Amino acid sequence: MPKKKELLEKLFRKPYPRNFTVKELDSLMSKCDCTKFQGGRGSGIGYVHNKTKRILQFDGPHPGKELYKYQIEKTKVFII
């Protein structure tokens, strides 16, 4: 499993990574002290930061597992 630093470098890479998966996002969020939850509708996923209670939430990518550009941008804003 990649380390937090490696995942952050991949996430913030330019141009944006087209192969950042939900599994990698789960790992990164876990390393950033966030807990995953099922968000709203069936394909929704979300993360809550355990200390600040801030929430990152969006529909999961489908049919593939790679995040869309808007999801990557939203994740970057959340992490910053």
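Colleague: Which residue in E3 is the bridge partner of glycine 44?

Modeller: Keep in mind that this is a predicted model. E2 and strand E3 (residues 55-59) run antiparallel, joined by 5 bridges. Glycine 44 sits in E2, which covers residues 44-49. Its bridge partner in E3 is aspartate 59.

Colleague: And on the E1 side, what does cysteine 34 pair with in E2?

Modeller: Strand E1 (residues 34-38) also pairs with E2 in the antiparallel sense, over 5 bridges. For cysteine 34, the bridge partner in E2 is histidine 49.

Colleague: Which residue in the turn between E2 and E3 has a positive phi?

Modeller: Those two strands make a hairpin with 5 residues between them. The turn residue with a positive phi, about 65°, is lysine 53.

Colleague: Is E2 largely enclosed or largely open, and how many of its residues are buried?

Modeller: Buried here means under 20% relative accessible area. E2 is largely enclosed by the rest of the structure, because the buried count among its 6 residues is 5.

Colleague: Within what arc do the buried residues of H3 fall?

Modeller: In helix H3 (residues 69-79), the buried ones are Gln71, Ile72, Thr75, Lys76 and Phe78. Looking down the helix axis, they line one face, because they fall within an arc of 160°.

Colleague: What covers those buried H3 residues?

Modeller: Both helices and strands take part. The cover includes helix H1 (4-11), helix H2 (22-31), E1, E2 and E3.

Colleague: How is tyrosine 68 arranged with tyrosine 70 as an aromatic pair?

Modeller: The count is 1 aromatic pair. Tyrosine 68 and tyrosine 70 are 6.4 Å centre to centre, with 15° between the planes. Planes under 30 degrees apart count as stacked, so this pair is stacked.

Notes
Residues numbered from 1 in each chain as written. Predicted model: local features only at pLDDT ≥ 70, side-chain atom pairs only at ≥ 80, totals over all residues. Heavy atoms only, no water. Buried < 20%, exposed > 50% of the residue type's maximum accessible area, 1.4 Å probe, protein only. Helix = DSSP H or I, 4+ residues; strand = E, 2+ residues; numbered from the N terminus. Pairing = 2+ DSSP bridges. Arc of directions from axis to C-beta. Contact = heavy atoms within 4.5 Å. Phe/Tyr/Trp six-rings, centres within 6.5 Å; stacked < 30°, edge-to-face > 60°.
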